[in-house]
Amino acid sequence: MTILNKLNRSNFIRLQDLLKIEQRSKYLFNSIESNNNHWYQDGKKPISTANQHHHHSSILNHHMNDKKPDDYSYGKRDYHHNNNNHVVDQQCQQIIRGRLYRWNDVLFSSTFNEIVRLDSSIIDDITQYSLFREKNFIKSFDKGFFSLMPFVVRSLERLIDLVDQQMFKIGAQKIQMPSIVGKHLWLRSERWQLSGQEIFRVNDRHQSEYCLAPTHEEVVTQILASCNQLSHRQLPIYLYQISPKYRDELRTKFGLLRAREFIMKDLYTFDKDEDTAKQTYQLVSSMYENIFRLLELPVIKTVGSVGTIGGKHSHEFLLETNLGEDEMYTCLNCSESFNAELLDDINDDQQQQQQPYCLNCKSHHLTTKRRALELGHSFLLSDRYSKRMGAIYLAEHSNKQIPLQMGCYGLGISRILAASVEYLSCKYQQSLSSDSESSAQSSSSSQSQSASTLYDSASNSLFLRWPKLIVPFKICLILPKRDSKEDHGKGTEFSMHLANIIRDRFGEDILIDDRSNLTIGKRLLTAKTIGIPFILVAGRNIIDVRPKFEVFDMYNVGDDSIDAKQQQQQQGRLMTQAEILDHLNIHLKHFQLNKD
Ligand SMILES: [Zn+2]
């Protein structure tokens, strides 16, 4: 899996879409051509590609005119300011199941979701369960390795955007380092000897040894060591990457929560002395807390142990949930939180059978041990790596060579993505199953819900909840059932017209549920279970004199006076096109990353 930078990524997707659509269009054009020879008035087959294109567009127009009057001109929009777009847009018109869509419409039928068979292995082993596997959003053919399907990738890309933005705010630069790292670097940091079997080790054809990197302290420190005459004026330097990492977990668990290949954001900071390194540590910690706040996750910053990474001290960012494998205490006196292992180990060292105590205020008044999942980790490394690998800078006056003061900071990106959906969906599910009066109470204790209890509940109607800022799609549009009176009465054209306006005005991709052979009820349930915030249904009122859509505001951003249960049972609100645009204008911002 290659994570390209933002620009490349979007280009890559566009290119892929173009190719896919072009191929499909070619196939369809060919089938139209063979069935519709009467379109060629001169009776000749086109010979050159240029001619072909000319004829194809005329076929398109004839075809459309034949099927339905092109009242709303979708697919033939006029781009005054960018003529190239116009050409591209025309070339990418696609005909699917006899209907014409714009090339950048995202059709449900092309998201690949329901033609993939459900992963039956998760039924046999509860520890391999995950909501994403349940929903067919990820696939696994080797334990701990996952393919991510379109919905998850869209959400992942939004999460990466969010993290990139936060990193940019503190002045960090994005780099990319290789996944395979030579043994010689790991020998110099002494991690080759210190690390056990959790490291994947590989040999090349010359029997040189490498590892699949779980983190990149050695490589990034070597990059700094390779700088000539690094000056104090260039510090601090913050470098980060977002890339696949590898760990040979003994027990993989819960899908992306404990995988052997995972996507991590790792930041490495280089400061001139301990004081500035500590300031950096505070800066990054508060930035991490901000990221978790944006993702609606009540993550607790917890004192952790430094483990094999080494350094002076470290913090873990823990989410309280039974899905995690860590445990934590919180001091009831000073409210500092600790990884339970750290406090229990100290007890063992002192050979005393006493209650664990707070390392901050020495109080024995701690909460009981609680299960938690580690989503982020920070280390103040001091000169543990820079000294060994010769990453130095020249001091201000003396020209003395001084080792850089390092920090390293990880965020488990793919784990955060899965954990946030597990956590928020679980919380939402509890608010649905409880009485409306006690829903507030139960949602606060939702972290004690385990995967198995989730799994026991009626899995077909499990409603996913994503953090608002990383939903894969904000809007889903459900087209009329094929050959219904709404379909024949221009309901489909009117819907596509609205989709175009929304996209042009708000710049949002819309998920268009084009599976018009299915009933509206079935497709509405799908959109609800996927966790789409705004669902627009072209129902029976779409052919009124003033056409109206049924609008479902599933995240309650328009009206938080009703609870989740009422929300699920409610009929959609009937809204005209203008009312929908007003509604989105006000409420879409809850789902958009603030760009300032
Ligand atoms: Zn304390």
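I began with the zinc ion: its four donor atoms subtend angles of 104 to 117 degrees, so the arrangement is tetrahedral (for four donors, all angles between 85 and 135 degrees). I am working with a predicted model, where local features need pLDDT of at least 70, side-chain atom pairs count only at pLDDT 80 or more, and totals for chains, interfaces and linings use all residues. Residues are numbered from 1 along each chain as its sequence is written, and side-chain values use heavy atoms, with hydrogens and water left out.

Next I looked up the donors (N, O and S atoms within 2.8 Å of the metal, or 3.2 Å for Na, K and Ca). I found the SG atoms of Cys 331, Cys 334, Cys 358 and Cys 361, at 2.2 to 2.3 Å. Their spacing in sequence reads C-x2-C-x23-C-x2-C.

Are Cys 331 and Cys 361 buried or partly exposed? I noted Cys 331 as buried, because its relative accessibility is 1%, while Cys 361, at 28%, counts as partly exposed. (Buried is under 20% relative accessible area, exposed over 50%, partly exposed in between, with a 1.4 Å probe and protein chains only.)

Then I turned to Gln 577, which sits in helix α20 (residues 577-587); helices are DSSP runs of H or I, at least four residues. At 18% relative accessibility, I put Gln 577 down as buried too. Leaving aside neighbours within four places in sequence, I saw Gln 577 in contact (heavy atoms within 4.5 Å) with Phe 494, His 497, Leu 498, Ile 501 and Pro 547.

Note on methods
Four donors count as tetrahedral if all angles lie between 85 and 135 degrees; four count as square planar and six as octahedral if opposite donors are over 155 degrees apart and all others between 65 and 115; anything else is irregular. Helices (H or I, at least four residues) and strands (E, at least two) are DSSP runs, numbered from the N terminus.
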